[in-house]
Amino acid sequence: MVGMEDLSIIVKRLEIVTERLEAIGDNHSGEGAPVSQAEKLTISVTAYDDVYNGTFKAFLENCEKIGGEVATAAPMLDKAFKSQREFVRVASKSKAPSANDLNTLLKPLGDVMGEIQEYREKMRRCDYFNHLSALSEAIPALGWVTVSPAPAPFVLEMNHAGQFYTNRVLKDWKEKSHIHVEWVKSWLQTLTELQAYVKQFHTTGLVWNKNGEDAIAVSKTPSQPKPAAGAPPPPPPPGPPAPPPPPPEKPFLKSSDRSWLGGLEGLALGILGLELGGDLAEEDFGVSGGGASDFAPPVFGLSLKNFSKPFGGFEHQA
């Protein structure tokens, strides 16, 4: 079971959300200005994001830390919560749809919830079966969007259904690995915050926008607004920089001077050999053959480098 310290953390997060949204319950913003129904619905989507980006993200991280079948299940859960977020977004901008359209809108969420439950059945012999069962038994909590007139208690009921298995996880793993305890805490906290969110914004059922558009049409629009019509397209990315000029073959010498350069090289080698008092092998100067006149001094030119610029309820209405 969750301890008192963990409950205090959950309560603290819920208090923060409540403080941010108290004014909405009074139909006024923090500055005293009236809050429209459309604004309330928009804020309800933002509040769902708070749940997703807070404890649920921490829960997904704990899934990865445990690994195995639990980590495999994590993307399914992520997809389920994202599907519900999209459904809540559509509801905030749409009139209540017909029963057929509602089924169409709910299909992505229903499909992934089914995947989670099927995966659990396939993994009955795995070490993390109790983990998967805890998720499978509680994930129907996302079905609150079809429940009226008391969706929040429905979320609580599904939370309790999963706790039969989370208690087993704690019993089997608390002495072996603490990450399993953190995993249980983060999952239960996610469901508790989801329940509080539903109670705050969809008390008697999912709220649709009575002045909104057709739900199917809204579902086909992106979540983020497109650029304004008529706005010029962004400039194309810059092309690659021009190649650097080739370094001079013989610095400070013109091409016409190359005819006598070999003679100077040969003379220099002869003088150097005399001063050192011995025969110098061609290898000492990197000469590959053909005599001293073939010796090529290093080129003292500048080399340029290319740099890239360092710059992703069924029909409840308000």
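Helix α3 meets helix α7 through Val-70, Leu-77, Phe-81, Gln-84 and Val-88 on the α3 side and Trp-183, Trp-187, Thr-190, Leu-194 and Tyr-197 on the α7 side, where contact means heavy atoms within 4.5 Å. By class, this contact has 8 nonpolar, 2 polar and no charged residues; Ala, Val, Leu, Ile, Met, Phe, Trp, Tyr, Cys and Pro count as nonpolar, Asp, Glu, Lys and Arg as charged, and the others, Gly among them, as polar. The two helices pack at an angle of about 10°, and their axes are 15 Å apart. Axes are lines fitted to C-alpha atoms, for helices over the stretch in contact, and angles run from 0 to 180 degrees between N-to-C directions. Helices α3 and α7 are therefore roughly parallel to each other, since angles under 35 degrees count as roughly parallel, over 145 as roughly antiparallel, 65 to 115 as roughly perpendicular and the rest as oblique.

The model is predicted: local features need pLDDT of at least 70, side-chain atom pairs count only at pLDDT 80 or more, and totals for chains, interfaces and linings use all residues. Residues are numbered from 1 along each chain as its sequence is written, and side-chain values use heavy atoms, with hydrogens and water left out.

The protein has 9 helices and 0 strands. Helices (H or I, at least four residues) and strands (E, at least two) are DSSP runs, numbered from the N terminus. Of the 318 residues in the protein, 36% are buried; buried means under 20% relative accessible area, exposed over 50%, and partly exposed in between, with a 1.4 Å probe and protein chains only.

Helix α7 also packs with α6. The axes of α6 and α7 come within 10 Å and cross at roughly 175°, which makes α6 roughly antiparallel to α7.

One of the α7 residues deserves a separate look. His-180 is placed in helix α7 and is buried, with a relative accessible area of 3%. Not counting residues up to four places away in sequence, His-180 touches Ile-66, Tyr-128, His-131, Val-169 and Trp-173.

The next topic is the core. A nonpolar core is a set of buried Ala, Val, Leu, Ile, Met, Phe, Trp, Tyr and Cys residues joined through side-chain atoms within 4.5 Å. The largest such core holds 64 residues, of which Phe-59, Trp-144, Trp-183, Trp-187 and Tyr-197 touch the most other members. At least two residues of this core are supplied by each of α2 (37-66), α3 (68-93), α4 (99-122), α5 (129-138), α6 (151-173), α7 (178-201) and α8 (215-219).

Helix α8 contains Ile-216, which counts as buried at 17% relative accessibility. Leaving aside its neighbours within four places in sequence, Ile-216 is in contact with Asp-101, Thr-104 and Leu-105. Ile-216 and Lys-95 are 121 residues apart in sequence and 10.0 Å apart in space, C-alpha to C-alpha.

Charged pairs come next. Side chains of opposite charge can pair when their charged atoms come close. A search of the whole structure finds 8 salt bridges, each being a side-chain nitrogen of Lys or Arg within 4 Å of a carboxyl oxygen of Asp or Glu. In helix α3, Lys-82 and Asp-78 lie 4 residues apart, about one turn of the helix, and form a salt bridge whose closest N and O atoms are 3.3 Å apart. Lys-82 counts as partly exposed at 46% relative accessibility, whereas Asp-78 counts as buried at 16%.

Salt bridges that share partners join Arg-120, Glu-121, Arg-124 and Glu-137 into one network. Within it, Arg-120 is buried, with a relative accessible area of 8%, while Glu-121 counts as partly exposed at 38% relative accessibility.

Pro-149 lies in the loop between α5 and α6, and the peptide bond from Ser-148 to Pro-149 is cis, with omega near 15°.
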